[in-house]
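Visitor: I'm new to reading protein structures. Could you show me one and take my questions?

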Amino acid sequence: TINRCTEHVQTTSNFCLSLAYQAVQAELISTYAKALVAAKTADSEKEAECKSGTGFVCGGGMQHEQYLKTAQAAWTEYADNQCSYETESNVGGTGYGAFGMICWLKLAADRIDQLGSGE
């Protein structure tokens, strides 16, 4: 998608990238929501094992949801900072917005894979 978008003049490229950004953002939100459900389920299952006495240890394994939320917040901050770093030399240029979107799209694709691998 990125390569197809960048084959065009700047205005068309920016429009194409903004559409890709919206689609990937929606996919990231959806994948994160599914990962949260899986984390809540894992926490509930561990809690049930603990209460029934069938679990390995009652002291741990029930914070998947909290760790995922913390990890996602940290990832969002990382992505913002990484893309700012990568595009710093382009501030003020006509391609600055596009470069930022390209950076974020690449990082978000990796994050979607990370979140999806836990399913």
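This is a predicted model: local features need pLDDT of at least 70, side-chain atom pairs count only at pLDDT 80 or more; totals for chains, interfaces and linings use all residues.

Visitor: Is Trp 104 buried or exposed?
Guide: Residues count as buried under 20% relative accessible area. Trp 104 has a relative accessible area of 10%, so the answer is buried.

Visitor: Which residue forms an aromatic pair with Trp 104?
Guide: A search of the whole structure finds 1 aromatic pair. Its rings are 4.5 Å apart, centre to centre, with 50° between the planes, so the pair counts as tilted. The partner of Trp 104 is Tyr 21.

Visitor: How many residues apart in sequence are the parts that this pair ties together?
Guide: Tyr 21 belongs to helix 2 (residues 10-52), while Trp 104 belongs to helix 4 (residues 96-116). The pair therefore ties together parts whose separation in sequence is 83 residues.

Visitor: Is Tyr 67 buried or exposed?
Guide: Tyr 67 sits in helix 3 (residues 64-87). A residue counts as exposed over 50% relative accessible area. Tyr 67 has 56% relative accessibility, so the answer is exposed.

Visitor: How far apart in space are Tyr 67 and Ala 39?
Guide: In sequence, Tyr 67 and Ala 39 are 28 residues apart. From C-alpha to C-alpha, their distance in space is 9.0 Å.

Note on methods:
Residues are numbered from 1 along each chain as its sequence is written. Side-chain values use heavy atoms; hydrogens and water are left out. Helices (H or I, at least four residues) and strands (E, at least two) are DSSP runs, numbered from the N terminus. Buried means under 20% relative accessible area, exposed over 50%, partly exposed in between (1.4 Å probe, protein chains only). Rings of Phe, Tyr and Trp (its six-membered ring) pair if their centres lie within 6.5 Å; planes under 30 degrees apart count as stacked, over 60 as edge-to-face and the rest as tilted.
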